[in-house]
Amino acid sequence: MKKFFIIFVPLFLAIALLISYVQPFVKTSESISDEVFRLHILANSDSIEDQELKLKVRDAVLSEGEDVFKDCSTLEEMITACKESLPYLRSIAEDCIAENGYDYDVNAYVDKEYFNTRVYDSITLPSGIYNALKIEIGEGQGKNWWCVMFPAICLPSVSEDEINSVLTDDEIELINSNKYDVRFKIVEIYEKLKDKNN
């Protein structure tokens, strides 16, 4: 019995301390995934040509489709605007593909999907299940590209005030910090386990 206490009491205390250390980070990470809307574009393949085409489609959707996104002030408005504009957004991608000499089909839809921890320019988004506009080019088997559309981090007209109006100070600190590598990994493991159980 004494051996049991010697082994398991310190182990229990270590786990309790780890949970108390990580729990606020997990909570902030989950609130970010509940407030953010992402754009996710999948290339037809990993060939150089298909990857270049993916980036051209990205540029076309972000520039020509900006009128769809720019006036959205809530996540719900963004989801609704994208769902209502899916034929238009798909046509932007299809026109770009045709102009570049390809005839790939395009699939565009709004969905909730799991993302691992990802770095975009100067921000890091924790893993979690995010709402996203997903555009699949052709087979959709190539490396993907993503960004944050709400708040409008990847739109040309974005302002810092728009980001501050959506995310809390803790959330902004989390996505702008490089100090959380271990906790990001823990959140990733936690979110994967949670996703499997749902």
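The dialogue below takes the features in turn.

Modeller: This is a predicted model, in which local features need pLDDT of at least 70 and side-chain atom pairs count only at pLDDT 80 or more, while totals for chains, interfaces and linings use all residues. Residues are numbered from 1 along each chain as its sequence is written, and side-chain values use heavy atoms, with hydrogens and water left out.

Colleague: How many helices and strands does the protein chain have?

Modeller: Helices (H or I, at least four residues) and strands (E, at least two) are DSSP runs, numbered from the N terminus. The protein chain has eight helices and six strands. Read from the N terminus, its elements follow the order α-β-α-α-α-α-β-β-β-β-β-α-α-α.

Colleague: What is the order of the strands in the open sheet?

Modeller: Two strands pair if DSSP finds at least two bridges between them. Here four strands form an open sheet in the order E2-E5-E1-E6, and the pairing is mixed. E2 and strand E6 (144–150) are the edge strands, each pairing on one side only. From one strand to the next, the twist averages 25°. Strand E1 (residues 37–42) pairs with E6 in the antiparallel sense over six bridges. Leucine 42 stands opposite asparagine 144 in E6.

Colleague: At what angle do the axes of helix H4 and helix H5 cross?

Modeller: Axes are lines fitted to C-alpha atoms, for helices over the stretch in contact, and angles run from 0 to 180 degrees between N-to-C directions. The axes of helix H4 (residues 75–84) and helix H5 (residues 86–99) cross at roughly 65° and come within 4 Å. Contact means heavy atoms within 4.5 Å. On the H4 side Cys82, Lys83 and Glu84 meet Leu86, Pro87 and Leu89 of H5. H5 also lies across E2 and E5, and runs at about 110° to E2.

Colleague: How many aromatic pairs are there?

Modeller: Rings of Phe, Tyr and Trp (its six-membered ring) pair if their centres lie within 6.5 Å; planes under 30 degrees apart count as stacked, over 60 as edge-to-face and the rest as tilted. The count comes to two aromatic pairs. Tyrosine 102 and tyrosine 104 are stacked, at 5.4 Å centre to centre with 20° between the planes. Phenylalanine 115 and tyrosine 130 are edge-to-face, at 5.9 Å centre to centre with 85° between the planes. Phenylalanine 115 lies in strand E2 (residues 106–115) and tyrosine 130 in strand E5 (residues 128–137), so this pair ties together parts that are 15 residues apart in sequence.

Colleague: Are phenylalanine 115 and tyrosine 130 buried or exposed?

Modeller: Buried means under 20% relative accessible area, exposed over 50%, and partly exposed in between (1.4 Å probe, protein chains only). Phenylalanine 115 and tyrosine 130 are both buried. Tyrosine 102 is partly exposed, with a relative accessible area of 27%, and tyrosine 104 is partly exposed at 22%. Of the 198 residues in the protein chain, 45% are buried.

Colleague: Which rings does arginine 38 lie over?

Modeller: A charge sits over a ring if NZ of Lys or CZ of Arg is within 6 Å of the ring centre and within 35 degrees of the ring normal. Arginine 38 lies over the face of tyrosine 130, 4.3 Å from the ring centre. The charged end of arginine 38 also sits over the ring of tryptophan 146, at 4.1 Å from its centre.
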